[in-house]
Amino acid sequence: MFKTIRNALSIPDIRKKLLFTLLVVVIYRIGSVIPVPFVDLAALQTAMGGIDGNSMFAYLNTMTGGAFSNATIFAMGITPYINSSIIMQLLCVAIPALERLSKEGEDGRKKIATITRYVTVGLGLLQGFAFFMYLKGSNLLEYSEGFAVWFAGAVIVLSFTAGTALMMWLGEQINDRGIGNGISILLFAGIVARLPLTVVKIIDYFKIASSGLLSGFAAYKYYIFVPIFILLFLVVIWVITFMQDAERRLPVQYAKRVVGRKMYGGQSSHLPIKVALGGVMPVIFASSILSIPSTIQMFVKPEEGTFFYKVFAALNPGSSSPWLYLVLYFLLILAFAYFYTAIQYNPVEMANNLKQNNGTIPGFRPGTPTADFIRKVLSRITLIGAFFLAFIAIVPTIYTTLTGLSALSMGGTSVIIVVGVALETVKQLESQMMMRHYKGFLD
């Protein structure tokens, strides 16, 4: 990876894109430390001091690189844009007019992108208002009553929404003028910004164990569970890297054909199908959907012992018994993996493309039989990839719940995003360098 980056920096065009991407990331990190006005920062730090762990607040804080716990202008992160993208992709399947629009080429995609932006702003207003209600209900504002508190609320909500819109625009600028997927790069930057804190917590655990204040298993569990956490972290990274490159290769035989005096075809090739077809998107989609209950909880604070209190507690990954959350998380990842594969890959279209190029899969007739075979392979591959994603996503939460080392919690979602974005960005760098190499060769 470092060799690829070093080679990329030697190419002026790619170096400009890398520097532009770095500039956008720096702007994002600056915005992540600028707090919105009218918030009592001292009281906020006290209230947010206990969010470390597996709670949904901790998840949002990780995704935003600490911006959520500091109520900065980027506190909402890119979650509203991700949710709006999910909504639009679902609507494009359910509503015929949007489906036709998505098939109209570049113009149709631009119109859908515009609608997605408006939906993002709407969701940003809703989520910003929810966060304001949490701040107001927890007495974390500089004003507590009267017109002043609602004026402060309007400023806070608009600031949060503007921050979300700015992040969306920054991500689009990376897509147009930088390297990698803009939204993924911003998520990557936010998660990586929290890694030094995890390292500090690991050191603190060892200091506690060696201080002599604890005895018996209470002291030795840090020497046992913390190294296991580090080992588990490295194994997860290795598994993600392995699965990102894993693929099923379908053999393809091209028939010979004569064009003029030349003969074409006759060679054997393969059709690669990646095991992790959806990449990190099913995990991001599932996490975004499961963040909705915590958003609703910001509006209403049910009394302890009531039905809704128990529901919100069951859907909180930081609770003492997060098994319902984990089951729903697992099932949503499976569902979104199939959904994402269905909208990205069309077996009938793939079979028709093979037929038009005189290509066949040995043992299957062109047309419907080939499409059915590709559909069956896609279904099995998607199931394997979905189980892999779900396993990686829930294992860290299960480990944290069983060991009680909540301060070390770095969810599988975060690890998948970091590793996946790093691999995809390096691959994009390699492909752009290869394109320039071929261009010079042809010239």
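Q: Which residues of H15 does H12 meet?
A: Here contact means heavy atoms within 4.5 Å, and helices are DSSP runs (H or I, at least four residues; strands are E, at least two) numbered from the N terminus. On the H12 side, the residues are Met281, Pro282, Val283, Phe285, Ala286, Ser287, Ile289 and Leu290. Their partners in H15 are Tyr325, Leu328, Tyr329, Leu332, Ile333, Phe336, Ala337 and Tyr340.

Q: What kind of model is this?
A: Residues are numbered from 1 along each chain as its sequence is written, and side-chain values use heavy atoms, leaving out hydrogens and water. Local features need pLDDT of at least 70 and side-chain atom pairs count only at pLDDT 80 or more, while totals for chains, interfaces and linings use all residues, since what you see is a predicted model.

Q: How many nonpolar residues does the contact of H12 with H15 have?
A: Ala, Val, Leu, Ile, Met, Phe, Trp, Tyr, Cys and Pro count as nonpolar, Asp, Glu, Lys and Arg as charged, and the others, Gly among them, as polar. For H12 with H15, there are no charged residues and one polar, and the nonpolar number is 15.

Q: Why are H12 and H15 called oblique to each other?
A: H12 (residues 281–290) and H15 pack with their axes 8 Å apart, at an angle of about 130 degrees. Under 35 degrees counts as roughly parallel, over 145 as roughly antiparallel, 65 to 115 as roughly perpendicular, and the rest as oblique. H12 and H15 are therefore oblique.

Q: Is the crossing of H5 past H15 left-handed or right-handed?
A: The axes of H5 and H15 (residues 323–344) come within 12 Å and cross at roughly 60 degrees. That makes H5 oblique to H15. Ile86, Gln89, Leu90 and Val93 in H5 meet Phe336, Phe339, Tyr340 and Ile343 in H15, and the crossing is left-handed.

Q: What is the angle between H5 and H7?
A: H5 passes H7 in a right-handed crossing, and their contact has nine nonpolar, eight polar and no charged residues. H5 covers residues 79–94 and H7 covers residues 106–137; their axes are 8 Å apart, and the angle is about 130 degrees.

Q: Where does H17 bend?
A: H17 (residues 368–403) has 36 residues and reaches 52 Å from its first C-alpha to its last, close to the 52 Å expected at 1.5 Å a residue. A bend is the angle between axes fitted to the seven residues ending at a residue and the seven starting there. In H17 this is about 30 degrees, with Pro396 following within four residues, and the place is Ile394.

Key: Axes are lines fitted to C-alpha atoms, for helices over the stretch in contact, and angles run from 0 to 180 degrees between N-to-C directions. A crossing is left-handed if the near helix is turned anticlockwise from the far one by less than a right angle, and right-handed if clockwise. The expected span of a helix is 1.5 Å times one less than its number of residues.
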